[in-house]
Amino acid sequence: MEQLLVVDGHSAIFGMEDLRELHHGPKRHLARIELVKRLRDIGDRGEWKVVVVFDGRQTERGFEGGNEDGILIIYSKARETADAVVERLAARFSEKGDRVRVASNDGMVLLTATTFGAEGIRIEELEDWWVRGD
């Protein structure tokens, strides 16, 4: 059984004050970079595989990173939302018997994820988890 943390990327950026401020500045991409760094810290601890999902603009789904990087970054296709990708991952891996934890501040994402058997946590809990280191 694997443990998979699936993070709604933009929900996380807007749910953490410092990242939200970075995103509203002239170098908004730095918020994404900082979020990925924090999530990589969680993945590097070895207990959880981490996936972060962002909305994409391309016709094909995009991926960055992988097991060697401690985190997988997924960009949704142009006509799908990151929320739909997060929900699909929660369903697929929960059905497989893996332990799945979905982090988002979107109530519908959390409701859908928990319906499929995943655990849902708010971004504040994710931030506490990163700070505590457990």
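**View 1. A salt-bridge network links D18, E34 and R38.** In this predicted model, the side chains of D18, E34 and R38 are joined in a network of salt bridges, and the count for the protein comes to 8 salt bridges. Side chains of opposite charge can pair when their charged atoms come close.

**View 2. A salt bridge connects E119 with R101.** The closest N and O atoms of E119 and R101 are 3.1 Å apart. E119 lies in strand β6 (residues 119-121) and R101 in strand β5 (residues 99-103), so the pair ties together parts that are 18 residues apart in sequence. The two partners may also be described by their accessibility: E119 is partly exposed, with a relative accessible area of 28%, whereas R101 is buried, at 14%.

**View 3. R88 and E80 meet through their side chains.** The salt bridge between R88 and E80 has an N to O distance of 2.7 Å. R88 has a relative accessibility of 33% and therefore counts as partly exposed, while E80, with a relative accessibility of 15%, counts as buried because it falls under the 20% cut-off.

**View 4. R122 forms a salt bridge with E124.** In this pair the closest N and O atoms are 3.9 Å apart, which falls within the 4 Å limit for a salt bridge. R122 is partly exposed, with a relative accessible area of 38%, and E124, for which the relative accessibility is 38%, is likewise counted as partly exposed.

**View 5. L22, L30 and I33 form a nonpolar patch on the surface.** Together, the three residues L22, L30 and I33 present about 230 Å² of accessible area. I33 belongs to helix α3, which spans residues 29-44, and I33 counts as exposed because its relative accessibility of 52% is over the 50% cut-off.

View 6. Read along the sequence, the elements follow the pattern β-α-α-α-β-β-β-α-β-α-β-α. Of the 134 residues in the protein, 46% are buried, and the protein exposes about 7400 Å², with carbon and sulfur atoms supplying 49% of that area. Among the contacts between residues at least 6 apart in sequence, 47% join residues that are at least 24 apart.

Definitions and conventions:
Residues numbered from 1 in each chain as written. Predicted model: local features only at pLDDT ≥ 70, side-chain atom pairs only at ≥ 80, totals over all residues. Heavy atoms only, no water. Helix = DSSP H or I, 4+ residues; strand = E, 2+ residues; numbered from the N terminus. Buried < 20%, exposed > 50% of the residue type's maximum accessible area, 1.4 Å probe, protein only. Contact = heavy atoms within 4.5 Å. Areas by Shrake-Rupley, 256 points an atom, 1.4 Å probe, with all protein chains shown as cover. Patch = residues over 30% accessible without salt bridge, like charges linked within 9 Å, V, L, I, M, F, W, Y side chains within 5 Å.
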